[in-house]
Amino acid sequence: MTSASNQDSTPRTLLDKLWERHVVVPESAHEPAVLAIDLHLVHEVTSPAAFSRLRQRGAKVRRPDRTIATLDHSTPTTPVAKSSHGEFVNVFPVIEDADAARQVDTLRHNCKEFGIRLLDFDSQQRGIVHVIGPELGLSQPGMTVVCGDSHTSTHGAFGSLAFGIGTTEVSHVLATQCLLQRKPKSYAADFSGQLSPGVSAKDLMLFFISQIGIDGATRHAIEYRGPAITAFGMEDRMTICNMSIEAGARAGMIAPDETTFAYVKGRPHAPSGAFWDSAVTNWKRLTSDPDVTFDRSAQFDASQIAPMITWGTNPAMAMPAGGRVPQPQDDSWRRALEYMGFTAGQRISDHHVDVVFLGSCTNGRLSDLQAAAQVIEGRRLANDVRMLVVPGSQEVKLQAESRGLDRIFKSAGAEWREPGCSMCIAMNGDRVQAGQLAVSTSNRNFEGRQGRGSRTLLASPITAAAAAVTGRVIDPRDLAVDGVASVAV
Amino acid sequence: MNSQHAIIESRAIHLPQTDIDTDQIIPGRFLTTVSDSGFGEMAFADWRFSSTGQRREGTPFDALRDGDISILVAGHNFGCGSSREHAVWALRDLGIHVVISSRIADIFTSNALKNGLAPIVVSREFYQHLTEHPTDLITIDLQALQLNSAGRTERFSLDAFSQRMLVEGRDQLDHLLSYEPAISDYESRGGATPWTR
């Protein structure tokens with residue numbers, strides 16, 4: 001018993017606590033741990049081959065009750081003809097791309113055969129997998145959450161261990177509700193101070209990734225801490241955890257607190273009654289112990305962070321939106337500048353923006369749309385700018401419409417579309433044309449990510465909205481009341 | 001699941017770029033499929049083919065025509081980005097059995113190990129040595145965890161489980177299913193989220 005009490009007194013990280021709760025078989029030098037999974041989110045792109053493998057083996061889905069599927073990646077976001085403002089319209093769109101249509105039908109068929117609930121086009125709960133998990137109260141503190149999608153780290157915002165997996169692992173979870181895993185190392189990212197007005201969670205993450213690098217957290221799970229983090233609402237926390245993978249991290253997480261509990265409470269899948277009270281008691285233990293040591297740590301002052309913009313071809317290649325393109329430090333920077341058509345020393349505001357994309361699992365939630373709408377309201381899109389506004393889910397769309405946001409966007413000249421991943425991954429027909437410059441609230445600016453030859457600048461919803469109305473990338477704090485940038489460009 | 005011979009010997013394709021992401025390995029537009037094979041022509045499609053589908057001359061992939069090449073030597077932080085296993089399938093369908101880099105991204109590594117593709121991480125010095133001898137044969141011994149090329153030998157690490165899975169070509173799902181009693185026991189104890197019941 002002595003060893004057990006010693007173990008109890010050993011300070012532990014949030015990661016340690018989450019890990020210990022889910023160990024079915026501990027890891028050893030010879031074998032990885034068998035780790036239990038609480039929630040498995042499924043979508044049409046990374047699941048078909050996994051279901052095929054189950055079928056080949058004659059295997060069942062072990063826990064259909066802990067598995068939920070939706071359609072988001074390859075689905076059209078074209079506005080439905082009879083769309084009515086603020087009201088859900090049950091329309092199954094015609095999917096013109098035959099391969100995408102087959103993928104969608106395959107998921108329908110698989111869900112029916114294996115007894116999995118699918119949030120299809122007739123569901124008011126359909127949306128991007130990382131938007132609906134939290135929205136429905138499926139993502140809860142203390143859980144392990146996986147999905148065949150690298151941005152599964154989003155759900156770590158609730159104090160869960162959430163990470164992306166490949167298709168083979170999707171089949172493992174379907175068949176066993178477990179995964180073979182080695183425990184990640186722990187990484188504390190502490191943010192003191194508070195963000196300035198006009199600076200958002202997205203800017204904080206672009207800043208953070210630019211500081212630690214695109215592989216800065218490989219093999220680590222990041223815990224974001226400090227007053228700048230705890231001041232965020234849940235949607236901003238999701239933006240933070242979402243982009244952990246862009247620093248190479250296995251996962252990102254934030255300890256649950258009253259903000260978290262208030263968000264979860266009352267949602268369709270949240271515990272209720274006496275279950276709620278015992279859940280909260282349990283969740284309150286999910287913090288890193290005060291004197292615990294992390295494998296790595298880094299400290300930043302949030303008050304020093306400016307609105308950010310990427311200038312290159314990965315999310316670490318970022319700078320203040322009002323700054324100048326940096327001098328290349330190595331070949332990869334030179335190649336990135338060449339691809340982007342930028343010259344070191346110039347302002348990005350020298351270039352006309354062709355497309356603005358507001359949406360994605362990073363920034364497609366109600367607060368993101370509200371922040372952008374505040375900038376857009378009473379203004380018009382600049383000449384030759386196309387703006388797509390793609391709500392992250394049906395729920396976000398309806399909430400936004402009930403607040404009149406759709407009218408603000410539409411009267412400015414933007415497109416108000418149906419929910420989906422859309423231009424973030426550009427596999428549904430929504431894409432940026434070759435050579436076009438896009439300011440995007442999504443998470444990746446890789447070469448060709450938004451369409452072959454597309455050039456992507458990652459930004460916050462506020463910076464993207466400022467770009468939409470000026471046709472230029474500016475520090476949105478410099479946007480004067482008359483809609484003209486007050487800085488010399 | 002492909003089994004992997006313990007000894008692999010081949011020349012390599014060299015892609016010196018750092019941070020090659022999975023969107024480069026297989027662009028998103030090829031992901032509207034329900035299959036897990038037939039991705040060879042889509043591997044590095046935008047690097048190998050023009051926008052009109054013409055094969056580009058003078059790319060590192062020209063070496064594929066000169067015979068069997070099963071090794072890719074790539075710059076630091078290979079395979080970052082998305083979790084798409086299609087990236088591994090595409091390399092496998094191109095005939096690649098080994099990726100060597102000074103760092104390989106986590107999810108890519110995990111996916112590679114489930115498809116008989118060996119992700120081998122070497123020191124920056126040895127990576128440099130390989131790039132200085134781009135046409136030399138590379139010999140990899142997965143049993144001895146040793147890599148040899150142009151007169152130098154490098155030891156690399158691979159955890160015992162991954163090594164066994166690669167060399168024996170075993171399916172990890174079989175291994176996981178062998179723990180069924182432990183999984184049932186864990187579930188019967190209420191799991192980690194008793195409040196969800």
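1. Interface of chains A and B. Across this interface, 64 residues of chain A are in contact with 46 residues of chain B, two residues being in contact if their C-beta atoms, placed from the backbone, lie within 7 Å. Helix H6 (residues 167–176) of chain A supplies the largest share of the chain A side, seven residues. Helices (H or I, at least four residues) and strands (E, at least two) are DSSP runs, numbered from the N terminus. The chain A side comprises 24 nonpolar, 24 polar and 16 charged residues; Ala, Val, Leu, Ile, Met, Phe, Trp, Tyr, Cys and Pro count as nonpolar, Asp, Glu, Lys and Arg as charged, and the others, Gly among them, as polar.

2. Basis of the model. The model is predicted: local features need pLDDT of at least 70, side-chain atom pairs count only at pLDDT 80 or more, and totals for chains, interfaces and linings use all residues. Residues are numbered from 1 along each chain as its sequence is written, while chains are lettered from A and ligands numbered from 1 in the order in which they are written.

3. Packing of H3(A) on H6(A). Helix H3 (residues 48–57) of chain A packs against H6(A) at an angle of about 50 degrees, with the axes 8 Å apart. Axes are lines fitted to C-alpha atoms, for helices over the stretch in contact, and angles run from 0 to 180 degrees between N-to-C directions. H3(A) and H6(A) are therefore oblique to each other (under 35 degrees counts as roughly parallel, over 145 as roughly antiparallel, 65 to 115 as roughly perpendicular and the rest as oblique). A:Ala49, A:Ala50, A:Arg53 and A:Leu54 of H3(A) make the contact with A:Thr167, A:Val170, A:Ser171, A:Leu174 and A:Ala175 of H6(A). By class, these are six nonpolar, two polar and one charged.

4. Packing of H14(A) on H16(A). The axes of helix H14 (residues 366–376) and helix H16 (residues 405–412) of chain A come within 10 Å and cross at roughly 45 degrees. This pair is therefore also oblique, but the crossing of H14(A) and H16(A) is left-handed. A:Leu369, A:Gln370, A:Ala373 and A:Ile376 of H14(A) meet A:Leu405, A:Ile408, A:Phe409 and A:Ala412 of H16(A). Seven of the residues in this contact are nonpolar, one is polar and none is charged.

5. Domains of chain A. The assignment, from an automatic or database source, gives domain 1 (2–180), domain 2 (183–303) and domain 3 (308–474). The C-alpha centres of domains 1 and 3 lie 27 Å apart, and their contact takes 25 residues from domain 1 and 26 residues from domain 3. On the domain 1 side, helix H5 (residues 129–135) gives the most, with four residues. That side divides into eight nonpolar, 13 polar and four charged residues.

6. Surroundings of A:Val355. This residue is found in strand S15 (residues 355–358) of chain A. A:Val355 counts as buried because it has 25 C-beta neighbours inside 10 Å (buried: 20 or more other C-beta atoms within 10 Å of its own; exposed: 12 or fewer; partly exposed: in between; C-beta atoms are placed from the backbone). Leaving aside neighbours within four places in sequence, A:Val355 is in contact with A:Arg386, A:Val432, A:Gln436 and A:Ala438.

7. Chain B. This chain has eight helices and seven strands, and 45% of its 197 residues count as buried. Its C-alpha trace spans about 60 × 45 × 25 Å along the principal axes.

Definitions and conventions:
A crossing is left-handed if the near helix is turned anticlockwise from the far one by less than a right angle, and right-handed if clockwise.
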